[in-house]
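I opened this model to look up its strands, its helices and its confidence values. My entries follow in the order I made them.

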Amino acid sequence: MHMRRKTISKAALAAIVAAGLLAGCSSNSNNTTNNKTPDPGASPSASSGATTETKETNSKPVEITWGIHFQAAGVVENSPVQKWLEEKFNVKIKPVKVTDASIASGDIPDIFMLGDPANVSAYQNQGVLMSIDPNMLKEKMPEYSADIEKNSKLFQTVTFNDQLWAIPMFIDLKPYDLAMLWRKDWLDNVGITKVPQTLDEFEQAVYAFAQKDPDKNGKPDTYGLTGTATSTWSSGFYSIFGAFGVEPTMWQEKNGEIVNGSVMPETKEALAKLRQWYADGVIDPEFITDTQDSYRKKLYNNRIGVIEEQIAKGALPDSGTVTEMKSLNPDSDLVFAKNPKGPGGDGSWDWGVKSNFVVIGSKVKDQPEKLEKLFEILRAESTDEETINMTSLGVKGTHWDFAESGAAAGATKFLTSFEKQEQRDQEGIRLFSLGNITTQAYREKYSNPKLNEAIKTYSSAPNRTDALLFSVLPSDGKYKSDLTSLMQKYFAQIISGEIPLDDFDKFVSEWKARGGDELTKEANEMYQAQFKN
């Protein structure tokens, strides 16, 4: 890994901390379909190399402060999974909830997860993290290292001053990639027999939904679609921007240069299209305040006829959004489809291979016994079936089972009383899981083949992902939040007709003057130094 990165400034640190450091993709947890894990009752693989019996009856347990999974609501003391880990690895665990406030107070866990390179960069600047020797990573976790090396650019996102500060996780088949979920019964009702594939066909359908009474109630109370005015990946309009070849806020490579999707000419074209749809009553006027959850509810409530949806939630008959829709509207019919193809191609927001990051607290560097124990656990969480399952699924037959009766591999399901994540958290399931640290072999063995096929069919990855793999730029803390807010304001006002379309050019000038030019310079420097093939 030959990488050079400047650490971010104190001003950058403050802004990033204020933005919330523990944000990460909610679908990156170990329970996503491409990361289902093995039967804890099964015999560990002889080739895994993981230590499967680590009890040392004559030695004192190693005390570990463990930052629980960052998506968990809170700590559960002495859960069954915690006790199991303590016995298996001869450790004494103190589970803690990691927050900006707890870190600022000096309460630094020995091991925890972070969601993004910006999180890692901010904590590294505070002296919270221990740097990780890449050679130690290869030595202590050889199986996982062999897999992650195939996505070696991920190391560069968390390498500052030529030192590695986190263990990257990767994900290949992403169940949270977005495509289109259509009301098939509405398409039928307005006389459209082909599920839209192109932007023109998409436009024809959403106009019909707004104008031709698709729910047959005799009232003008339907719209084609809605979205959000946010910059997050949950926006309902990303597939439309993608059809013009851009994704706002992402750094994109164009003719050998890195440019920001927010200010590309194609973005103005996409805004013009959305502006026209809004003016014609096709877009729900509440789009500015809508969220992913609210626009899903509008699908359920017969207000709109298509949404962007995660493949895992919409592509299969038993997917969550499909089953919820059916329970509320028994006569409804949903169909999944690819993002519409337009003049710039197709696609929607995509995280690429990036997942979360495992980090080690700075105090561990002076405790070699503890460091050795942490890597022992890390290796087991990446290769040992028993450990992976206990931390992410629980006990087979009690908490989970294979979806297909009698199966020894494939999709899994949680059993009665443990379908909800909060129920599993009370058992300690997930709290001590390290997510996508598992090897590729395990993912393939314990994934849902039907969902994997759906992801391959509908995902547009890697068409619309960040050219820098979401790395933090040196001046992000000074400018990024302000520029994102600026973009949100202008885009919402342009789409709603509050300001002229040509004010996009004012936005571009303002974006550049308020730090965009500096970020663009830094993005190009980083790309040339670290990411260009």
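**Sheet with β10, β7 and β11**

I looked up the strand order and found an open sheet of three strands, β10-β7-β11, with antiparallel pairing. I took strands as DSSP runs of E, at least two residues, and helices as runs of H or I, at least four residues, both numbered from the N terminus. Two strands pair if DSSP finds at least two bridges between them. β10 and β11 are the edge strands, each with a single partner, so one side of each lacks a neighbour in the sheet. On average, neighbouring strands here are turned by 35° against each other, direction ignored. Axes are lines fitted to C-alpha atoms, for helices over the stretch in contact, and angles between N-to-C directions run from 0 to 180 degrees.

I then checked β7 against β11: four bridges join the two, running antiparallel. Met180 stands opposite Ala337 in β11. Helix α12 packs on the sheet and touches β7, β10 and β11. The direction of α12 makes about 125° with that of β10. α14 also packs on the sheet, touching β7, β10 and β11. Its direction makes about 160° with that of β11. Contact means heavy atoms within 4.5 Å.

This is a predicted model, in which local features need pLDDT of at least 70 and side-chain atom pairs count only at pLDDT 80 or more, while totals for chains, interfaces and linings use all residues. Residues are numbered from 1 along each chain as its sequence is written, and side-chain values use heavy atoms, with hydrogens and water left out.

Which residues of α12 are buried? I listed Gln292, Tyr295, Arg296, Lys298, Leu299 and Tyr300. Buried means under 20% relative accessible area, exposed over 50%, partly exposed in between, with a 1.4 Å probe and protein chains only. The cover over these residues includes β7 (178-183), β10 (306-310), α13 (311-314), α14 (320-328) and β11 (334-337). Asn302 follows α12 and has a positive phi, near 60°.

I went back to the loop between α11 (265-279) and α12, where Val282 lies. Val282 counts as buried because its relative accessibility is 0%. Leaving aside neighbours within four places in sequence, Val282 contacts Val206, Tyr207, Ala210, Tyr223, Gly224, Leu225 and Trp277. Its C-alpha is 9.3 Å from that of Ile304, 22 residues apart along the chain.

**Two other strand pairs**

I found β8 (residues 251-254) and β9 (residues 257-260) paired antiparallel over four bridges. Lys254 stands opposite Glu257 in β9. Two residues separate the strands of this hairpin, and Asn255 in the turn has a positive phi of about 55°.

β1 (residues 62-67) and β2 (residues 91-96) pair in the parallel sense over six bridges. Glu63 has Lys92 in β2 as its bridge partner. From β1 the chain crosses through helix α2 (residues 80-89) to β2, a right-handed β-α-β crossover. Right-handed means that, with the strands pointing away from the viewer, the path from the first strand over the helix to the second runs clockwise.

**Whole protein and confidence**

I counted 21 helices and 14 strands. Of the 533 residues, 59% count as buried.

The mean pLDDT is 88, and 88% of the residues reach 70 or more. Residues 1-56 have pLDDT below 50, yet this stretch has 186 contacts in the model beyond near neighbours in sequence. pLDDT is the predictor's confidence in each residue, from 0 to 100. Where it is low, the predicted coordinates should not be read in detail.
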